[in-house]
Amino acid sequence: MPAGTPIPGDEGVLIVGAGIAGLCAALAAAPRRVTMLCPDEPGRSSSSWLAQGGIAAPIGPTDSVDIHVGDTLDVAGHAADPIAAERVIGGASEAIDFLVAAGVPFDRDGAAWSLHLEAGHRRPRVAHALGDRSGAAIVAALWEQVRVAPHVEVRCGWRAVTLATDTRGAVVGVHALDAGGRTVLVRAAETVLATGGAGRLFRYTTNGPWAAGDGIAMALAAGARTAALEFVQFHPTALRVDADPLPLLTEALRGAGARLVTARGDFVMAGHPLGDLAPRDVVARAVWDCAQSGADVLLDARSVFASAAGDAFPGALALTQAYGIDPVHELLPVTAAAHYHMGGVVVDDAGHATVDGLWACGEVAYTGLHGANRLASNSLLEAVVCGRAAGAAILRRAPLVRGPAREVEIDSGTDVEAAPAWQALRLRLWRAMGPVRDGATLATAIAETRATLVSIPAGQRVLRQRHELALAMLQAAVNREESRGAHFRRDFPTRDESRDGPRAVFPRAVA
Ligand SMILES: Cc1cc2nc3c(=O)[nH]c(=O)nc-3n(C[C@H](O)[C@H](O)[C@H](O)COP(=O)(O)OP(=O)(O)OC[C@H]3O[C@@H](n4cnc5c(N)ncnc54)[C@H](O)[C@@H]3O)c2cc1C
């Protein structure tokens, strides 16, 4: 059926997604009228809600913006943009003040901050709330602010399908499915993608159905520039159980002494000088290699849970018990899993994309902060700082009325999660674009994805767009004939140093 009738008179700000980035953008855009779309209960269907460790900020007594920027660049595979890193991390202190004022109950050590040390950080700087329920605590506080904000109207149960564009190619809102499954044109002067990541494109992932890359896919379809699509961070310790998404076992467990072993009792990370605390991508590859050779990988966290150290992991304890595992006496089966997408919609410092009327913030955006590999806990920081920056920049823009939207065909009846082609795509990406890649497997996956794409009817927009995004990701991975950050090619195992610098991923200048 053709896309639905417009909501009358709606020329305000449209925010697609109610994770931390979208909530922050909505608050910062006040008093401009904001419509926010979220497919489910606000904030709950989001990676933000699941975030455990916390938010990185250089607020400890021995820390500084410079040290935090240095750590971010070190992890990023010689590909992060130092200017972006200084901007985002330079805004961390103000971001934490904002969250405190919003009511986030950060954990304290008496009068001081309680700050965790995580892999890749030279200083303890991860602020957390409610132990390992940091994301939920932040979302709940922000949602309480948005709920009572007179300028925001939240449309729950609404899902954006594709961006609406005018004859010049400017974005004029989205074509969406409303709570009743009807197609609706939601018009807007400024449209903000805050749709999160793309981990769901992989069969094994910590990301829920909300993180299927729909924002990047919509932006690609509208002609916006994207970058770093090949850079996907895999977490080494997702709990290997019959669940989708897979529950995450935080890295901090290994920090507290848990060790990765095979079923035969060999230490998986024995050969690395940092052992189980080696960088996340290195550990993820080791876990993947073991699994490929048929060995079960297990996390031995018995010593942690049997001691007082276990008190710091109430969430991990609860989730293992929910799957009938007793972590005090049993080893925990684990697998690597797609976790975070460094790539996204290219934006400038304000969050504006390369297409008129389109903005992006949070995991869906490419700011240059993460380069080819994300420093743990920098993503919540980016979501807060860049979400607020986008809202504030939109507020400074003169309101305008956009031109009419071009018609599109949308088939409203498709359940994408149940579609065999979608599940096949997820398995294909896992095999071809997992922690270890090679040109031949990637080329086969590209050919298979192209063949599937021609058989998907034009009206099945979401399924088509996801295949087009997958193709762009596979193509980026096959084109990058080197190993850098989270992108590891078995057939090109070393970094091409001549490509170092932010331009290794994408030039800073936005056209
Ligand atoms: C298990 C887990 C633990 C993590 N732990 C940490 C951590 O400790 N620290 C850290 O910094 N990072 C962590 N991360 C990463 C971090 O949570 C995310 O990068 C961050 O929350 C992204 O925020 P966001 O607002 O951009 O996206 P999300 O929080 O994912 O929000 C996206 C929103 O968009 C909506 N949406 C998606 N598609 C559509 C559509 N088509 N139409 C309408 N709405 C749509 C979703 O429903 C959701 O409301 C973790 C991630 C996971 C999965």
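Hi everyone, let me start on helix H11: the face turned away from its buried side carries the exposed residues Ala318, Gln321 and Ala322. Before I go on, please keep in mind that this is a predicted model.

So which residues of H11 are buried? In this helix, which runs over residues 314-322, they are Gly315, Ala316 and Thr320. These three sit on the same side of H11, because the arc they cover around the axis is only 125°. As a reminder, an α-helix has 3.6 residues a turn, so residues three or four places apart point the same way. And what lies over that buried side? The cover includes strand S14 (232-239), helix H8 (252-255) and strand S17 (332-341). After H11 comes Gly324, with a positive phi near 75°.

Let me zoom out to the domains. The protein chain is divided into domain 1, made of 13-198 + 342-396, and domain 2, which is 238-336. Taken over C-alpha atoms, the centres of domain 1 and domain 2 are separated by 29 Å. Twelve residues from domain 1 and 13 residues from domain 2 make up the contact. If you sort the domain 1 side of that contact by class, you find six polar, three nonpolar and three charged residues.

Now to the inside. The largest nonpolar core has 170 residues, and those touching the most other members are Ala25, Val192, Ala219, Val287, Val345 and Ala360. On the general side, nonpolar side chains tend to be buried together in soluble globular proteins.

You'll find Val345 in strand S18, residues 344-346. Val345 counts as buried because it has 28 C-beta neighbours inside 10 Å, where 20 or more are needed. Setting aside residues up to four places away in sequence, Val345 touches several residues, among them Leu193, Ile216, Ala219 and Ala360. Val364 is also on that list. Val345 and Val364 are 19 residues apart in sequence, and their C-alpha atoms are 6.2 Å apart in space.

Next, the ligand. How many residues are around it, and which come nearest? There are 43, and Gly17, Gly19, Ser48, Gly196 and Gly362 come nearest. By class, this shell divides into 21 polar, 19 nonpolar and three charged residues. Several elements each supply at least two residues of the shell, including helix H1 (20-28), strand S2 (34-38), helix H6 (134-148) and strand S9 (159-165). The largest share comes from H12, with four residues.

H12 takes me to some backbone details. In the loop between strand S20 (365-366) and H12 sits Ser377. Phi of Ser377 is positive, near 70°, and this is a residue other than glycine. Is Ser377 buried or exposed? Buried, with 25 other C-beta atoms within 10 Å.

Ala228 is another non-glycine residue with a positive phi, near 60°. You can find Ala228 in the loop between strand S13 (226-227) and S14. With 26 other C-beta atoms within 10 Å, Ala228 is buried.

There are also two cis peptide bonds I'd like to point out. One joins Ala30 and Pro31, with omega about 10°, and Pro31 is found in the loop between H1 and S2. Another runs from Asp244 to Pro245, with omega near 10°. Pro245 lies in the loop between S14 and H8.

Last stop: where is Ser483 found? Look in the segment after helix H15 (461-479). Ser483 is buried, with 22 other C-beta atoms within 10 Å. Leaving aside neighbours within four places in sequence, Ser483 is in contact with Phe488, Arg489, Phe492, Pro493, Thr494 and Arg495. Then there is Gly77, 406 residues apart from Ser483 along the chain, with 9.2 Å separating their C-alpha atoms.

Notes:
Residues numbered from 1 in each chain as written. Predicted model: local features only at pLDDT ≥ 70, side-chain atom pairs only at ≥ 80, totals over all residues. Buried ≥ 20, exposed ≤ 12 C-beta atoms within 10 Å, placed from the backbone. Arc of directions from axis to C-beta. Contact = placed C-beta atoms within 7 Å. Domains from an automatic or database assignment. Nonpolar A, V, L, I, M, F, W, Y, C, P; charged D, E, K, R; others polar. Near = placed C-beta within 6 Å. Core = buried A, V, L, I, M, F, W, Y, C linked by C-beta atoms within 7 Å.
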